[in-house]
Amino acid sequence: MRKRLLLSLTLPSLFACGGDPAVTPPNLDLAQLVIAGSDFASGALSTIGYSNLTVQKNLDTLDPQTVLRAFGSQVFALDQTHGVVRIYDAKLDYKQPVDAPTSKPPELAGAQANPHDIFVDTQRQLAYVTIYGSFGSTQVTGARALGVLDLKAPTAGLTRFVSLSVAASDTDNNPDASQLVGCGDSLYVVLQDLDRNKTYKPAGPGRLAKISLADTSAPVSYIQLAGENPTALVIPAGCTEAYVGSSGDQLGATLAGRSGLEVVDLMTGTTRGLQIKDSDLGGNLSGLDRSSTGSVFANVSVKSGTTYNNTVYKLDLQTKAKTPVLGPISYVAGLRVLEQNLVVLSAGMAGAGQ
């Protein structure tokens with residue numbers, strides 16, 4: 001029987017066009033969940049033992065808007081307000097972290113960076129960081145949307161940028177680079193293609209950029225997606241296909257059938273189209289993961305006045321059926337399928353059985 005675990009913490013509201021900043025996969029060396037909590041004024045780093053649910057609170061003070069990612073024994077905390085990556089080593093009990101700026105003067109100031117995600121190429125000791133751009137930022141363009149950190153000298157900040165193209169219909173010159181997933185020797189970058197000159201409305205369907213980790217001189221290739229405002233990317237082992245969740249006009253909670261869940265053929269570089277649309281889901285898809293057995297779980301948010309109700313569903317791509325797993329609950333910051341467990345990070349009090 002699948003266990004259901006709800007981690008109830010007070011968390012910052014996510015920017016509606018952003019991704020999942022609050023929960024990492026467990027550290028495989030130490031079997032921990034690493035959590036960023038916030039009271040909107042400051043943040044805190046805490047851990048939860050994956051097997052025994054032992055909580056360690058307030059290991060460090062964080063920015064109230066923080067993204068966490070784990071690679072091996074290292075945990076990377078992306079300070080979205082100031083543009084800094086704080087690097088922890090779980091083997092050192094999260095002590096003596098190192099700060100790496102996600103800035104490159106004079107081209108990019110840290111306060112304008114708003115880093116959204118990070119991927120660590122362990123073999124080459126490089127970290128790739130998506131530079132989303134803060135509200136009103138003028139320095140983040142397609143030429144500066146993906147930065148590279150040298151992990152042998154992280155305090156030096158970004159050493160270079162990987163240029164990404166901007167959609168033809170997007171007038172703000174920013175591709176809105178968000179989630180990063182590495183598979184094999186390729187790095188996939190979610191491009192949301194939102195137009196900040198039009199209140200962050202989708203300029204059209206999003207894209208996936210594909211970057212060679214082995215050959216940095218190779219040109220970036222692009223896969224046109226079907227869904228607008230992609231916010232979640234899952235690539236199963238084998239690297240032959242990708243599952244992409246898109247939120248559409250989540251701020252307006254519009255269900256126009258132009259977002260949802262799609263499957264992408266990574267071998268041909270083409271999408272198979274939206275398998276389940278937002279209109280099928282009855283809400284905007286804002287979180288996604290897939291188990292090793294092929295089960296797909298998604299968080300669906302439904303706007304009610306100025307608030308959102310969230311329900312986690314198990315989805316059947318063949319029948320388009322959705323089976324409720326958890327909810328409705330007030331706020332879901334992220335979900336992960338870990339081994340045979342579905343882990344959901346939510347704000348608010350835990351309900352019955354959570």
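**Exercise 1. Where is Asp172 found, relative to strand S12 and strand S13?**

Solution. The model is a predicted one, in which local features need pLDDT of at least 70 and side-chain atom pairs count only at pLDDT 80 or more, while totals for chains, interfaces and linings use all residues. Residues are numbered from 1 along each chain as its sequence is written, and side-chain values use heavy atoms, with hydrogens and water left out.

Step 1: Asp172 sits in the loop between strand S12 (158–161) and strand S13 (177–183), where strands are DSSP runs of E with at least two residues, numbered from the N terminus.

Step 2: with a relative accessible area of 15%, Asp172 is buried (buried means under 20% relative accessible area, exposed over 50%, partly exposed in between, with a 1.4 Å probe and protein chains only).

Step 3: leaving aside residues up to four places away in sequence, Asp172 touches Leu194, Asp195, Arg196 and Asn197, contact being heavy atoms within 4.5 Å. For Arg196, the backbone nitrogen lies 2.8 Å from a polar atom of the Asp172 side chain.

**Exercise 2. Determine how strand S3 is enclosed and which strands pair with S3.**

Solution. Step 1: seven of the seven residues of S3 (residues 43–49) are buried, so this strand is largely enclosed by the rest of the structure. Burial applies to both faces, with Gly43, Leu45, Thr47 and Gly49 on one side and Ala44, Ser46 and Ile48 on the other.

Step 2: S2 (residues 32–38) runs antiparallel to S3 and is joined to it by seven bridges (two strands pair if DSSP finds at least two bridges between them). Gly37 stands opposite Ala44 in S3, and in this hairpin, which has four residues between the strands, Phe40 takes a positive phi near 80 degrees.

Step 3: S3 also pairs with S4 (residues 55–62) in the antiparallel sense, over five bridges, and Ile48 stands opposite Val55 in S4. Five residues lie between S3 and S4 in their hairpin, where Leu53 in the turn has a positive phi of about 60 degrees.

**Exercise 3. Describe the ring pairs that involve Phe71.**

Solution. Step 1: the whole structure holds four aromatic pairs (rings of Phe, Tyr and Trp, the last by its six-membered ring, pair if their centres lie within 6.5 Å; planes under 30 degrees apart count as stacked, over 60 as edge-to-face and the rest as tilted). One of them joins Phe71 and Phe76, whose ring centres are 6.0 Å apart with planes at 75 degrees, so the pair is edge-to-face.

Step 2: Phe71 is partly exposed at 22% relative accessibility, whereas Phe76 is buried at 0%.

Step 3: the rings of Phe71 and Phe119 have centres 5.8 Å apart and planes at 90 degrees, so this pair is edge-to-face.

Methods
Polar contact = N/O pair within 3.5 Å; in protein donor to acceptor, adjacent residues only side chain to side chain.
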